[in-house]
Amino acid sequence: MIQLKTRNISLFFFSLLAACFLTIKVASAQEEIKSSDLVLQKQRLAQEITNTKNKLIEELEQYSQDEKQYGISLAQFRKLQTLNSIETATKIAKKAILSRNLVLDTYLNLMRLKLVEAEGIEVVHKEKVLNEIENHRQALVDFEEKVVPIEDRDNLNLLATQFLPLGNEIRDTAYYALSLLAVGKLQAVYDQAYAIEQKVEQKDVSDLSNLEQAERTRATAEVKKLVTQLPPEFEELWTDLAAVENSHSDYKRFYRSVFDDLDLIYSQLSRLTAYLEELEQLK
Amino acid sequence: MTKKILDDQTDFAHQAPLLEQAEDQWWQSTDKSRIKTDQKFLETKKGKLTLIFGFLLMILVAFIIILVMIKQQMNQGGNPSILPQPETDKDLTPLQQQIKDLRLQLETADPAIKETPFPIVDMEISVSSE
(Lines give C-alpha, C1' and ligand atoms only; values in the text may rest on other atoms or scores of the structure.)
Protein backbone atom coordinates (compact mmCIF):
# COMPACT_ATOMS: atom_id res chain seq x y z
CA MET A 1 0.00 0.00 0.00
CA ILE A 2 2.77 2.40 1.04
CA GLN A 3 4.84 1.41 -2.00
CA LEU A 4 1.90 2.13 -4.30
CA LYS A 5 1.41 5.56 -2.74
CA THR A 6 5.07 6.52 -3.01
CA ARG A 7 5.14 5.37 -6.63
CA ASN A 8 2.10 7.54 -7.41
CA ILE A 9 3.68 10.54 -5.71
CA SER A 10 6.95 10.13 -7.57
CA LEU A 11 5.11 9.68 -10.87
CA PHE A 12 3.16 12.86 -10.23
CA PHE A 13 6.31 14.84 -9.48
CA PHE A 14 8.11 13.47 -12.50
CA SER A 15 5.27 14.44 -14.82
CA LEU A 16 5.13 17.87 -13.17
CA LEU A 17 8.84 18.34 -13.76
CA ALA A 18 8.58 17.15 -17.35
CA ALA A 19 5.69 19.54 -17.99
CA CYS A 20 7.65 22.46 -16.46
CA PHE A 21 10.69 21.60 -18.54
CA LEU A 22 8.67 21.34 -21.75
CA THR A 23 6.85 24.63 -21.10
CA ILE A 24 10.11 26.51 -20.41
CA LYS A 25 11.79 24.94 -23.42
CA VAL A 26 8.90 25.70 -25.80
CA ALA A 27 8.55 29.29 -24.51
CA SER A 28 12.26 30.04 -24.82
CA ALA A 29 12.40 28.38 -28.25
CA GLN A 30 9.46 30.48 -29.47
CA GLU A 31 11.07 33.67 -28.17
CA GLU A 32 14.34 32.74 -29.83
CA ILE A 33 12.64 31.96 -33.13
CA LYS A 34 10.76 35.28 -33.03
CA SER A 35 13.84 37.45 -32.50
CA SER A 36 16.06 35.49 -34.89
CA ASP A 37 13.30 35.54 -37.54
CA LEU A 38 13.12 39.30 -37.32
CA VAL A 39 16.88 39.70 -37.67
CA LEU A 40 17.01 37.24 -40.56
CA GLN A 41 14.07 38.88 -42.26
CA LYS A 42 15.76 42.30 -42.07
CA GLN A 43 18.99 40.85 -43.33
CA ARG A 44 17.30 39.11 -46.24
CA LEU A 45 15.50 42.32 -47.14
CA ALA A 46 18.73 44.34 -47.07
CA GLN A 47 20.40 41.72 -49.25
CA GLU A 48 17.47 41.71 -51.64
CA ILE A 49 17.63 45.52 -51.91
CA THR A 50 21.35 45.35 -52.76
CA ASN A 51 20.73 42.64 -55.37
CA THR A 52 17.86 44.59 -56.92
CA LYS A 53 19.99 47.74 -57.09
CA ASN A 54 22.75 45.83 -58.87
CA LYS A 55 20.19 44.32 -61.22
CA LEU A 56 18.82 47.79 -61.97
CA ILE A 57 22.28 49.09 -62.81
CA GLU A 58 22.86 46.22 -65.27
CA GLU A 59 19.43 46.66 -66.86
CA LEU A 60 19.93 50.41 -67.17
CA GLU A 61 23.21 49.82 -69.00
CA GLN A 62 21.48 47.44 -71.38
CA TYR A 63 18.59 49.87 -71.86
CA SER A 64 21.00 52.71 -72.52
CA GLN A 65 22.62 50.69 -75.34
CA ASP A 66 19.25 49.63 -76.77
CA GLU A 67 17.94 53.19 -76.64
CA LYS A 68 21.05 54.43 -78.45
CA GLN A 69 20.55 51.80 -81.17
CA TYR A 70 16.89 52.75 -81.38
CA GLY A 71 17.80 56.42 -81.86
CA ILE A 72 20.21 55.56 -84.68
CA SER A 73 17.79 53.19 -86.44
CA LEU A 74 14.94 55.71 -86.16
CA ALA A 75 17.12 58.46 -87.64
CA GLN A 76 18.09 56.14 -90.51
CA PHE A 77 14.47 55.19 -91.13
CA ARG A 78 13.43 58.85 -91.21
CA LYS A 79 16.27 59.68 -93.55
CA LEU A 80 16.18 56.66 -95.87
CA GLN A 81 12.48 55.71 -95.73
CA THR A 82 13.30 52.24 -97.06
CA LEU A 83 11.49 48.98 -96.25
CA ASN A 84 14.69 47.61 -94.79
CA SER A 85 15.09 50.60 -92.47
CA ILE A 86 11.44 50.24 -91.31
CA GLU A 87 12.05 46.56 -90.50
CA THR A 88 15.27 47.31 -88.66
CA ALA A 89 13.83 50.24 -86.73
CA THR A 90 10.76 48.20 -85.69
CA LYS A 91 12.92 45.33 -84.39
CA ILE A 92 15.25 47.63 -82.49
CA ALA A 93 12.35 49.68 -81.07
CA LYS A 94 10.73 46.46 -79.83
CA LYS A 95 13.99 45.49 -78.13
CA ALA A 96 14.22 48.93 -76.48
CA ILE A 97 10.60 48.71 -75.30
CA LEU A 98 11.24 45.34 -73.70
CA SER A 99 14.40 46.49 -71.96
CA ARG A 100 12.59 49.65 -70.75
CA ASN A 101 9.95 47.33 -69.28
CA LEU A 102 12.63 45.46 -67.35
CA VAL A 103 14.11 48.69 -65.99
CA LEU A 104 10.74 50.02 -64.85
CA ASP A 105 9.75 46.73 -63.25
CA THR A 106 13.04 46.44 -61.38
CA TYR A 107 12.81 50.04 -60.22
CA LEU A 108 9.27 49.50 -58.94
CA ASN A 109 10.44 46.38 -57.16
CA LEU A 110 13.28 48.33 -55.56
CA MET A 111 10.82 50.92 -54.32
CA ARG A 112 8.58 48.16 -52.99
CA LEU A 113 11.42 46.60 -51.02
CA LYS A 114 12.52 49.96 -49.64
CA LEU A 115 9.00 50.77 -48.55
CA VAL A 116 8.63 47.42 -46.84
CA GLU A 117 11.90 48.04 -45.01
CA ALA A 118 11.10 51.67 -44.14
CA GLU A 119 9.94 52.80 -40.72
CA GLY A 120 8.07 55.96 -39.89
CA ILE A 121 5.52 55.69 -42.72
CA GLU A 122 1.88 55.35 -41.79
CA VAL A 123 0.33 52.02 -42.80
CA VAL A 124 -2.41 53.75 -44.85
CA HIS A 125 0.16 55.42 -47.11
CA LYS A 126 2.35 52.35 -47.24
CA GLU A 127 -0.48 50.05 -48.28
CA LYS A 128 -1.74 52.49 -50.90
CA VAL A 129 1.61 52.94 -52.61
CA LEU A 130 2.41 49.21 -52.38
CA ASN A 131 -0.90 48.42 -54.05
CA GLU A 132 -0.17 50.90 -56.81
CA ILE A 133 3.27 49.37 -57.33
CA GLU A 134 1.82 45.87 -57.55
CA ASN A 135 -0.80 46.99 -60.07
CA HIS A 136 1.80 48.71 -62.24
CA ARG A 137 4.10 45.70 -62.17
CA GLN A 138 1.21 43.52 -63.33
CA ALA A 139 0.39 46.06 -66.06
CA LEU A 140 4.02 45.86 -67.22
CA VAL A 141 3.79 42.08 -67.43
CA ASP A 142 0.58 42.36 -69.46
CA PHE A 143 2.18 44.96 -71.73
CA GLU A 144 5.20 42.76 -72.32
CA GLU A 145 2.92 39.89 -73.34
CA LYS A 146 1.36 42.16 -75.94
CA VAL A 147 4.73 43.41 -77.24
CA VAL A 148 6.47 40.03 -77.67
CA PRO A 149 4.40 38.71 -80.65
CA ILE A 150 4.37 42.07 -82.49
CA GLU A 151 6.48 42.30 -85.65
CA ASP A 152 4.96 45.17 -87.64
CA ARG A 153 5.39 48.92 -87.23
CA ASP A 154 1.70 49.87 -87.00
CA ASN A 155 0.88 47.55 -84.13
CA LEU A 156 4.04 48.60 -82.35
CA ASN A 157 3.07 52.26 -82.68
CA LEU A 158 -0.42 51.46 -81.42
CA LEU A 159 1.02 49.79 -78.32
CA ALA A 160 3.38 52.74 -77.84
CA THR A 161 0.44 55.13 -77.57
CA GLN A 162 -1.27 52.75 -75.16
CA PHE A 163 1.82 52.68 -72.98
CA LEU A 164 2.09 56.43 -72.51
CA PRO A 165 -0.56 56.77 -69.72
CA LEU A 166 0.86 53.73 -67.95
CA GLY A 167 4.36 55.18 -68.10
CA ASN A 168 3.15 58.44 -66.57
CA GLU A 169 1.32 56.58 -63.83
CA ILE A 170 4.46 54.58 -63.04
CA ARG A 171 6.48 57.79 -62.81
CA ASP A 172 3.88 59.32 -60.48
CA THR A 173 3.88 56.26 -58.23
CA ALA A 174 7.67 56.28 -58.14
CA TYR A 175 7.70 59.91 -56.94
CA TYR A 176 4.95 59.08 -54.46
CA ALA A 177 7.14 56.31 -53.05
CA LEU A 178 10.21 58.57 -53.03
CA SER A 179 8.28 61.26 -51.15
CA LEU A 180 7.07 58.77 -48.55
CA LEU A 181 10.56 57.38 -48.08
CA ALA A 182 12.06 60.85 -47.66
CA VAL A 183 9.53 61.98 -45.04
CA GLY A 184 9.36 58.56 -43.37
CA LYS A 185 13.11 58.40 -42.79
CA LEU A 186 13.06 61.58 -40.70
CA GLN A 187 9.80 60.62 -39.00
CA ALA A 188 11.47 57.39 -37.85
CA VAL A 189 14.37 59.39 -36.40
CA TYR A 190 11.93 61.66 -34.58
CA ASP A 191 9.97 58.69 -33.17
CA GLN A 192 13.19 57.22 -31.83
CA ALA A 193 14.31 60.59 -30.41
CA TYR A 194 10.94 61.01 -28.70
CA ALA A 195 11.23 57.61 -27.03
CA ILE A 196 14.72 58.49 -25.79
CA GLU A 197 13.59 61.89 -24.52
CA GLN A 198 10.90 60.17 -22.43
CA LYS A 199 13.54 57.95 -20.86
CA VAL A 200 15.83 60.89 -20.18
CA GLU A 201 12.99 62.74 -18.51
CA GLN A 202 12.10 59.78 -16.30
CA LYS A 203 15.70 59.09 -15.32
CA ASP A 204 16.37 59.04 -11.59
CA VAL A 205 18.72 61.92 -10.75
CA SER A 206 18.37 61.87 -6.98
CA ASP A 207 22.09 61.18 -6.60
CA LEU A 208 22.93 64.56 -8.16
CA SER A 209 23.42 67.68 -6.10
CA ASN A 210 20.65 70.29 -5.94
CA LEU A 211 22.59 72.56 -8.27
CA GLU A 212 23.13 69.78 -10.81
CA GLN A 213 19.49 68.73 -10.57
CA ALA A 214 18.34 72.26 -11.30
CA GLU A 215 20.73 72.45 -14.25
CA ARG A 216 19.42 69.16 -15.60
CA THR A 217 15.81 70.29 -15.22
CA ARG A 218 16.57 73.38 -17.31
CA ALA A 219 18.34 71.25 -19.93
CA THR A 220 15.50 68.72 -20.20
CA ALA A 221 13.06 71.62 -20.57
CA GLU A 222 15.05 72.78 -23.61
CA VAL A 223 14.96 69.26 -25.07
CA LYS A 224 11.24 69.01 -24.40
CA LYS A 225 10.68 72.32 -26.18
CA LEU A 226 12.43 71.03 -29.28
CA VAL A 227 10.59 67.70 -29.12
CA THR A 228 7.23 69.45 -29.04
CA GLN A 229 8.18 71.78 -31.92
CA LEU A 230 8.66 68.97 -34.42
CA PRO A 231 5.28 67.13 -34.56
CA PRO A 232 3.36 70.07 -36.13
CA GLU A 233 6.03 70.30 -38.84
CA PHE A 234 5.69 66.60 -39.63
CA GLU A 235 1.93 66.92 -39.46
CA GLU A 236 2.04 69.64 -42.07
CA LEU A 237 4.15 67.49 -44.39
CA TRP A 238 1.85 64.49 -44.05
CA THR A 239 -1.19 66.70 -44.65
CA ASP A 240 0.38 68.12 -47.80
CA LEU A 241 1.17 64.64 -49.00
CA ALA A 242 -2.38 63.48 -48.29
CA ALA A 243 -3.67 66.45 -50.30
CA VAL A 244 -1.50 65.46 -53.27
CA GLU A 245 -2.73 61.91 -52.83
CA ASN A 246 -6.39 62.92 -52.84
CA SER A 247 -6.16 65.34 -55.73
CA HIS A 248 -3.96 62.95 -57.78
CA SER A 249 -1.77 65.94 -58.57
CA ASP A 250 1.91 66.00 -59.38
CA TYR A 251 3.94 63.86 -56.98
CA LYS A 252 7.11 64.87 -58.78
CA ARG A 253 6.55 68.52 -57.91
CA PHE A 254 5.78 67.62 -54.29
CA TYR A 255 8.93 65.49 -54.06
CA ARG A 256 11.09 68.33 -55.37
CA SER A 257 9.55 70.93 -53.06
CA VAL A 258 9.53 68.83 -49.91
CA PHE A 259 13.31 68.98 -49.45
CA ASP A 260 13.33 72.55 -48.11
CA ASP A 261 11.05 71.47 -45.26
CA LEU A 262 12.99 68.25 -44.74
CA ASP A 263 16.28 70.14 -44.45
CA LEU A 264 14.79 72.32 -41.74
CA ILE A 265 13.44 69.32 -39.84
CA TYR A 266 16.77 67.56 -40.23
CA SER A 267 18.67 70.44 -38.66
CA GLN A 268 16.24 70.46 -35.73
CA LEU A 269 16.60 66.71 -35.29
CA SER A 270 20.34 67.11 -35.42
CA ARG A 271 20.19 69.70 -32.64
CA LEU A 272 17.89 67.46 -30.61
CA THR A 273 20.32 64.55 -30.94
CA ALA A 274 23.19 66.81 -29.89
CA TYR A 275 21.23 67.94 -26.81
CA LEU A 276 20.51 64.34 -25.85
CA GLU A 277 24.19 63.44 -26.31
CA GLU A 278 25.18 66.36 -24.11
CA LEU A 279 22.65 65.44 -21.43
CA GLU A 280 23.88 61.87 -21.26
CA GLN A 281 27.57 62.87 -21.45
CA LEU A 282 28.17 61.29 -24.83
CA LYS A 283 30.23 64.17 -26.12
CA MET B 1 -8.11 -37.56 29.00
CA THR B 2 -7.59 -34.86 26.41
CA LYS B 3 -10.69 -33.05 27.59
CA LYS B 4 -9.32 -32.97 31.12
CA ILE B 5 -6.08 -31.31 30.08
CA LEU B 6 -7.91 -28.60 28.11
CA ASP B 7 -10.10 -27.79 31.07
CA ASP B 8 -7.02 -27.51 33.21
CA GLN B 9 -5.48 -25.05 30.77
CA THR B 10 -8.61 -22.92 30.66
CA ASP B 11 -8.58 -22.79 34.38
CA PHE B 12 -4.94 -21.79 34.30
CA ALA B 13 -5.72 -18.91 31.90
CA HIS B 14 -8.32 -17.60 34.28
CA GLN B 15 -5.73 -17.57 37.00
CA ALA B 16 -3.32 -15.22 34.99
CA PRO B 17 -2.72 -11.70 36.41
CA LEU B 18 -5.23 -9.02 35.34
CA LEU B 19 -2.55 -6.46 34.57
CA GLU B 20 -1.05 -8.59 31.77
CA GLN B 21 -4.50 -9.08 30.19
CA ALA B 22 -5.09 -5.32 30.15
CA GLU B 23 -1.73 -4.77 28.50
CA ASP B 24 -2.65 -7.24 25.75
CA GLN B 25 -5.95 -5.44 25.16
CA TRP B 26 -4.15 -2.10 24.94
CA TRP B 27 -1.74 -3.39 22.30
CA GLN B 28 -4.63 -4.81 20.27
CA SER B 29 -6.51 -1.50 20.40
CA THR B 30 -3.53 0.43 19.03
CA ASP B 31 -3.32 -1.89 16.00
CA LYS B 32 0.43 -2.03 16.37
CA SER B 33 2.80 -4.90 16.93
CA ARG B 34 4.53 -5.23 20.26
CA ILE B 35 7.29 -7.21 18.63
CA LYS B 36 10.36 -5.03 18.03
CA THR B 37 11.97 -5.39 14.58
CA ASP B 38 15.40 -4.38 13.20
CA GLN B 39 13.90 -2.10 10.39
CA LYS B 40 16.39 0.37 8.80
CA PHE B 41 15.42 4.05 8.31
CA LEU B 42 15.23 3.79 4.54
CA GLU B 43 12.83 0.89 4.74
CA THR B 44 10.34 2.89 6.76
CA LYS B 45 7.60 4.96 5.12
CA LYS B 46 9.19 8.18 6.33
CA GLY B 47 12.56 7.15 4.97
CA LYS B 48 11.18 6.29 1.56
CA LEU B 49 9.37 9.62 1.29
CA THR B 50 12.53 11.51 2.30
CA LEU B 51 14.47 9.57 -0.32
CA ILE B 52 11.99 10.40 -3.09
CA PHE B 53 11.75 14.09 -2.22
CA GLY B 54 15.50 14.34 -1.95
CA PHE B 55 15.86 12.76 -5.34
CA LEU B 56 13.31 15.12 -6.87
CA LEU B 57 15.03 18.12 -5.31
CA MET B 58 18.33 16.95 -6.76
CA ILE B 59 16.80 16.66 -10.25
CA LEU B 60 15.28 20.12 -9.93
CA VAL B 61 18.63 21.65 -8.94
CA ALA B 62 20.41 19.83 -11.78
CA PHE B 63 17.73 21.02 -14.20
CA ILE B 64 18.16 24.65 -13.11
CA ILE B 65 21.96 24.39 -13.41
CA ILE B 66 21.66 22.96 -16.94
CA LEU B 67 19.25 25.74 -17.95
CA VAL B 68 21.58 28.42 -16.61
CA MET B 69 24.53 26.82 -18.43
CA ILE B 70 22.62 26.66 -21.72
CA LYS B 71 21.58 30.30 -21.37
CA GLN B 72 25.16 31.38 -20.64
CA GLN B 73 26.45 29.42 -23.61
CA MET B 74 23.86 31.05 -25.88
CA ASN B 75 24.82 34.49 -24.64
CA GLN B 76 28.51 33.88 -25.14
CA GLY B 77 28.59 31.88 -28.35
CA GLY B 78 25.38 33.19 -29.82
CA ASN B 79 23.30 31.44 -32.41
CA PRO B 80 25.32 31.03 -35.60
CA SER B 81 22.19 31.54 -37.68
CA ILE B 82 21.74 35.05 -36.31
CA LEU B 83 23.79 37.83 -37.79
CA PRO B 84 26.06 39.85 -35.53
CA GLN B 85 24.13 42.70 -34.02
CA PRO B 86 25.31 46.28 -34.44
CA GLU B 87 28.41 46.91 -32.40
CA THR B 88 27.71 47.99 -28.86
CA ASP B 89 30.09 49.84 -26.63
CA LYS B 90 30.35 48.00 -23.33
CA ASP B 91 31.18 51.18 -21.41
CA LEU B 92 27.93 52.83 -22.44
CA THR B 93 24.66 52.63 -20.54
CA PRO B 94 21.63 51.36 -22.52
CA LEU B 95 20.36 54.94 -22.79
CA GLN B 96 23.71 56.20 -24.07
CA GLN B 97 23.78 53.34 -26.58
CA GLN B 98 20.31 54.32 -27.81
CA ILE B 99 21.46 57.91 -28.30
CA LYS B 100 24.51 56.67 -30.19
CA ASP B 101 22.24 54.57 -32.45
CA LEU B 102 20.01 57.62 -32.93
CA ARG B 103 23.02 59.59 -34.18
CA LEU B 104 23.78 56.84 -36.73
CA GLN B 105 20.13 56.72 -37.81
CA LEU B 106 20.12 60.50 -38.23
CA GLU B 107 23.23 60.40 -40.40
CA THR B 108 21.65 57.90 -42.79
CA ALA B 109 18.41 59.93 -42.87
CA ASP B 110 20.13 63.07 -44.15
CA PRO B 111 17.90 64.50 -46.93
CA ALA B 112 21.07 65.23 -48.89
CA ILE B 113 21.45 61.46 -49.35
CA LYS B 114 18.91 60.90 -52.08
CA GLU B 115 17.15 57.64 -52.84
CA THR B 116 17.80 55.93 -56.18
CA PRO B 117 16.20 58.38 -58.64
CA PHE B 118 13.55 57.38 -61.12
CA PRO B 119 15.37 56.09 -64.21
CA ILE B 120 15.45 58.37 -67.22
CA VAL B 121 13.72 56.32 -69.88
CA ASP B 122 11.91 57.21 -73.06
CA MET B 123 8.21 56.61 -72.50
CA GLU B 124 7.39 57.20 -76.17
CA ILE B 125 9.39 54.59 -78.05
CA SER B 126 7.71 54.15 -81.44
CA VAL B 127 8.62 54.04 -85.14
CA SER B 128 6.83 57.12 -86.39
CA SER B 129 7.93 58.94 -89.48
CA GLU B 130 7.82 62.35 -87.76
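Partly exposed here covers the range between buried, under 20% relative accessible area, and exposed, over 50%. Arg112(A) is a case in point: with a relative accessible area of 23%, the residue counts as partly exposed. Keep in mind that this is a predicted model. Chain A has a mean pLDDT of 89, with 87% of its residues at 70 or more. The tour below takes in aromatic pairs, charges over rings and salt bridges.

**Confidence**
- Within chain A, helix H1 (residues 2-80) comes out lowest by mean pLDDT (78), while H2(A) is the highest (97).

**Aromatic pairs**
- Searching the whole structure turns up 8 aromatic pairs over all chains.
- One of them is Tyr107(A) with Phe118(B), an edge-to-face pair at 5.4 Å centre to centre and 85° between the planes.
- That pair joins two chains, because Tyr107(A) sits in helix H2 (residues 83-117) of chain A and Phe118(B) in the segment after helix H4 (94-108) of chain B.
- Tyr107(A) and Phe118(B) are both buried.
- Tyr176(A) and Tyr251(A) have ring centres 4.5 Å apart and planes at 20°, so this pair is stacked.
- Tyr176(A) belongs to helix H4 (residues 153-202) of chain A and Tyr251(A) to helix H6 (residues 251-279) of chain A, so to speak a link between distant parts of the chain, 75 residues apart.
- Both Tyr176(A) and Tyr251(A) are buried.
- One aromatic cluster takes in Tyr107(A), Tyr175(A), Tyr255(A), Phe259(A) and Phe118(B).

**Charges over rings**
- Phe259(A), a member of that cluster, has Lys114(B) over its face, at 4.2 Å from the ring centre.
- Over in chain A, Arg100(A) lies over the face of Phe163(A), 3.9 Å from the ring centre.

**Salt bridges**
- There are 14 salt bridges over all chains.
- Arg137(A) and Asp105(A) pair up at 2.8 Å, N to O.
- This links distant parts of the chain, with Arg137(A) in helix H3 (residues 123-147) of chain A and Asp105(A) in helix H2 of chain A, 32 residues apart.
- Arg137(A) has a relative accessible area of 19%, so the residue is buried.
- Arg112(A) meets Glu134(A) at 4.0 Å, N to O, and this pair also ties helix H2 of chain A to helix H3 of chain A, 22 residues apart.
- Glu134(A) is partly exposed, at 38% relative accessible area.
- Lys185(A) and Glu115(B) form a salt bridge at 3.8 Å, N to O.
- Lys185(A) is in helix H4 of chain A and Glu115(B) in the segment after H4 of chain B, so the pair joins two chains.
- Lys185(A) is partly exposed at 24%, whereas Glu115(B) is buried at 15%.
- Lys114(A) joins Lys185(A) and Glu115(B) in a network of salt bridges.

How values were computed
Residues numbered from 1 in each chain as written. Chains lettered and ligands numbered in written order. Predicted model: local features only at pLDDT ≥ 70, side-chain atom pairs only at ≥ 80, totals over all residues. Heavy atoms only, no water. Phe/Tyr/Trp six-rings, centres within 6.5 Å; stacked < 30°, edge-to-face > 60°. Helix = DSSP H or I, 4+ residues; strand = E, 2+ residues; numbered from the N terminus. Buried < 20%, exposed > 50% of the residue type's maximum accessible area, 1.4 Å probe, protein only. Lys NZ or Arg CZ within 6 Å of the ring centre and 35° of its normal. pLDDT = per-residue confidence, 0-100. Salt bridge = Lys/Arg side-chain N within 4 Å of Asp/Glu carboxyl O.
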